Amino acid sequence: MKIQQAESQARPVRRVSHRRGRSRYLFKKWAPAYLLMLPGLIYFFINNYIPMTGIVVAFKKYKVSTGIYGSPWNGLKNFEYLFATNDAFTITRNTLCYNLAFILVNMALGVLFAIFITEIKNKYAKKVYQSAVLFPFLISIIIVSYIVFGFLSVDNGMINKSILSPLGLEGVAWYTEKKYWPFILVFVNSWKEVGYSCLIYIAGITGIDDAFYEAAKIDGAGKLRQIWSITLPCLLPTIITIVLLNVGRVFYSNFGLFYQVPMNSGSLFDVTNTIDTYVYRSLMKIGNIGMASAAGFYQSIVGFFLVLFSNTVVRRISPDNALF
Amino acid sequence: MLQTKGEKVFQIAAHVVMIVETICVILPFLLLIMSSFTDENELVAHGYSFWPNKFSIEAYKYLIKKGTSIFRAYGLTVAATVIGTTLHLLMGSMMAFSLALKKLPGRKFFSFYVFFTMLFSGGLVPTYLTYTNAFHIKNTFLALVVPYLMLSAIHVLLMRSFFVSSIPDAIYEAAEIDGAGLLTTYTKIVLPLGKPILVTIGLFAGLDYWNDWLNGLYFMSDQKMYGIQTLLYRILEDIRTLASSAMGSAAATSIKIPSVSIRMAIAFVAIIPIIMIYPFLQKYFQEGIALGAVKG
């Protein structure tokens, strides 16, 4: 590693020439900085870099006894198995489509709520709304799954017992009927996540120069006109940035949302299985490490290029928000 | 200035939409809280509701009397959150401080080393295999603290840019002239001046630890080592297993399944800390966004 290099370069020798004296001084000066960095460097090495090299497991026939690096190579077999199933298509479609739906809905609602919250004049109401919007974002997805279960439980869920049954309608077996789940998942996701994007948009709107609005008022522009011609155009770079950053992550999904909110229900897999839930189930439930690692590899590689792509575009539009 | 008619209509529309949204947020939590205070027979007969016919605090009495496994899980989560957040802040700020030193040899390389972890990830399989086979953290307390959560590249970079932009170079230079070493500069200058970012990052990290259930799911097979969120997950998972095994054979499940009101009481207890510090959280979330946590 680089530190060792720096250390060896700086290792003091008996006869100190001018140059060496300087490097000794430099070493003494910077050594504490490297030392302070060391725990973090080691952590990233263990938590990120070792697993990165471990990604080769996708090309191996994994055996517990020999570990990742000792297991025999297997060529593209794992991928052949993976892409021979329907699962590969289903999980790609679900991951992409849900993420696109989430991006669109969260953007639309986030901008709408942000505009309303900033325009509302009653300070107290403003605060209440803003607090309400953010709160679900801070709650764990497990708690969310409890709440969803409270509404959808077949036997004593709120919807079956207190809404459908008094209306004389038959209860719905929510956890086995897949046609409802695309809507439920989009709803639950935006219920939980919209607060965050809303806060970002509020910060964006607050940053718009008041002079624009003053000028618009003098010109006789109404509220809607001001929003259409000032707020939205000024907010557009923020919107595009957020959308693009999310596009960079469309190959990753919120595991808890797709696994635990639908209660890991087998009859719903067709509409709830994403790459992340597939990898988890293959690894932990089925024990098929080959399939799991192939799907994981697919996710890592495509995900990597998507991040690079989205960032390149973000850098063009708003360099401050680019990751690099 | 007089409000025009259009403006009035706009204000009303805005209030209506936001009130609907607020209700949409509050009702589910009301359902959660109310069902924990509902009489169990009432729950079986009429299901979950926003306002039960018969209140009861039996669930909480039961938790206090017999909830040892729940207290244990709660305690583990508290311990993991406190220890993990402390380490997260300590390691993160030390690293960020060094990366903020403009003349540090190799600064670019180390920044990239941190940054690259945000671009590329090995994914679950190699991470799981590394931690379980090479480091043997299965069923140890370390599994609740170390994987995924103990440090985050984005937090390190946020702290670094705060240290660079909010602490003037003159301060660093003055410290150097006064003969303060880097360690002194870190403890005496950067930590005190960096308090706003440290609080913000600390809250983010604490929240991640508190809400984490995946480390328990991945790395714990012993239920005694579950944190509160993983325990809650497990209870619901057992209910599903019970419902899907045709005759509902209790043998298929491992935890004695608590009644609905007790379950909801556990869930409520698990969000109480978040409710308590919410005003604080909200304030720092807004500041975090202003600092550029957008990327998070």
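**Domains and a helix pair in chain B**

Analyst: The C-alpha centres of domain 1 of chain B and domain 2 of chain B lie 31 Å apart. The model is predicted: local features need pLDDT of at least 70, side-chain atom pairs count only at pLDDT 80 or more, and totals for chains, interfaces and linings use all residues. Residues are numbered from 1 along each chain as its sequence is written, while chains are lettered from A and ligands numbered from 1 in the order in which they are written.

User: What are the bounds of domain 1 and domain 2 of chain B?

Analyst: Domain 1 covers 1-56 and domain 2 covers 58-295; such bounds come from an automatic or database domain assignment.

User: How many residues does each domain of chain B give to the contact?

Analyst: Domain 1 of chain B supplies eight residues and domain 2 of chain B supplies nine. Two residues are in contact if their C-beta atoms, placed from the backbone, lie within 7 Å.

User: Why are H5(B) and H8(B) called oblique to each other?

Analyst: Helix H5 (residues 107-119) and helix H8 (residues 153-166) of chain B pack at an angle of about 135°, with axes 8 Å apart. Helices (H or I, at least four residues) are DSSP runs, numbered from the N terminus. Axes are lines fitted to C-alpha atoms, for helices over the stretch in contact, and angles run from 0 to 180 degrees between N-to-C directions. Angles under 35 degrees count as roughly parallel, over 145 as roughly antiparallel, 65 to 115 as roughly perpendicular and the rest as oblique. H5(B) and H8(B) are therefore oblique to each other.

Notes: Helices (H or I, at least four residues) and strands (E, at least two) are DSSP runs, numbered from the N terminus.
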